[in-house]
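The sequence and the structure come first.

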Amino acid sequence: MVEDGLNPALEESRRGAHLWLFAEKPLPAGELRRYVLAVAARLNIVVKGNGQAEGIEIIPGQDRVKPGMYGNAIRAPLGIHRTSGQRYFFCGASRNSELQIEFLKNIPKITREQLDQLIGDLPPEPPHNQRMDSLPVAPFRPNGHPFKILEHVVVNRLSGQNFWARCPSCASQGKDNSCDNLAISVEDPRKYRCWAGCTRQMIRAAVGFPIPATLSTLGGNDYARTRAAVHTTQSPSSRGKEA
Ligand SMILES: [Zn+2]
């Protein structure tokens, strides 16, 4: 990016680092992403999503958001991380909020003209089959309405037939930092499961809406059946025995 005449800012983070590209004026997310994807391809850096479970993340992941919907949630520069309770600083200035803000104010920002030049020769971005324009926002419902898991989690991404989110039960144990243990069926969000094995009861308890005792047994049986089916089709040991 520096070779391209840009001034990305490197920020420490909880699990690595963020590379920020600040723009002089708001620029279309899709066009900036095209440029970043091209840089990643040039450097053989894998980008998460579209079949890749690991890799760097490019945010925002949406080209546009519909009214009433949100794009990716991000922590603004120098904001306090809500999980770690820490502030993370940018490389290039002393670890002092005022000096950091001064540093951010002074770094040259990418302009419309620069972006036009950078993406001018790039091929169009391949069509995404699984990218969402926006993520669902759970409407507020007072207690007493049917339980809806989407009202209690932040959807991280859409992949396959599912929304993926941090499992509340895993989160309560400090786990699932990649925020993708909980699969929620897009077609029927009443169906959800944690791939780390948390039961519905555990998930409901973790969000403060425990399953009433009378329904608890039923939920448990449904869950056990789903897991049994998955184990039958995915068991790695069965292949080993045939060989
Ligand atoms: Zn879990």
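Two residues are in contact if their C-beta atoms, placed from the backbone, lie within 7 Å. On that basis, among contacts in the protein chain between residues at least 6 apart in sequence, 49% join residues at least 24 apart. The model is a predicted one.

**Overall make-up**

The protein chain holds seven helices and six strands. Read along the sequence, their pattern is β-β-α-α-α-β-β-α-β-β-α-α-α. Of the chain's 243 residues, 14% count as buried.

**The sheet**

Four strands make up an open sheet, in the order β3-β4-β5-β6, with antiparallel pairing. Its edge strands are β3 (155-159) and β6, each of which pairs on one side only. From one strand to the next, the twist averages 25 degrees.

| Strand pair | Bridges | Opposite residues |
|---|---|---|
| β3 and β4 | four | S159 and N162 |
| β4 and β5 | four | N162 and S185 |
| β5 and β6 | three | L182 and C194 |

In β4, A165 is the bridge partner of V155.

Two hairpins belong to this sheet. The hairpin of β3 and β4 has two residues between the strands, and G160 in the turn has a positive phi of about 65 degrees. The hairpin that joins β5 to β6 runs through six residues.

**The nonpolar core**

The largest nonpolar core has 15 residues, of which A165, C167, L182, I184 and C194 touch the most other members. The elements that supply two or more residues to this core are β4 (162-165), α4 (168-172), β5 (182-185) and β6 (192-194). With three residues, β4 gives the most.

What does C194 touch, not counting residues up to four places away in sequence? The contacts of C194 are C167, S169, C170, N181, L182 and I203.

**A206 in helix α5**

A206 is found in helix α5, which covers residues 200-206. Why does A206 count as partly exposed? A residue needs 20 or more other C-beta atoms within 10 Å to be buried and 12 or fewer to be exposed; A206 has 19 within 10 Å and is therefore partly exposed.

A206 touches P168, S169 and S172, leaving aside residues up to four places away in sequence. S169 is also among the residues that C194 touches. A206 and A171 are 35 residues apart in sequence, and their C-alpha atoms are 8.6 Å apart in space.

Definitions and conventions:
Residues numbered from 1 in each chain as written. Predicted model: local features only at pLDDT ≥ 70, side-chain atom pairs only at ≥ 80, totals over all residues. Core = buried A, V, L, I, M, F, W, Y, C linked by C-beta atoms within 7 Å. Pairing = 2+ DSSP bridges. Axes fitted to C-alpha atoms, helices over the stretch in contact; angles between N-to-C directions.
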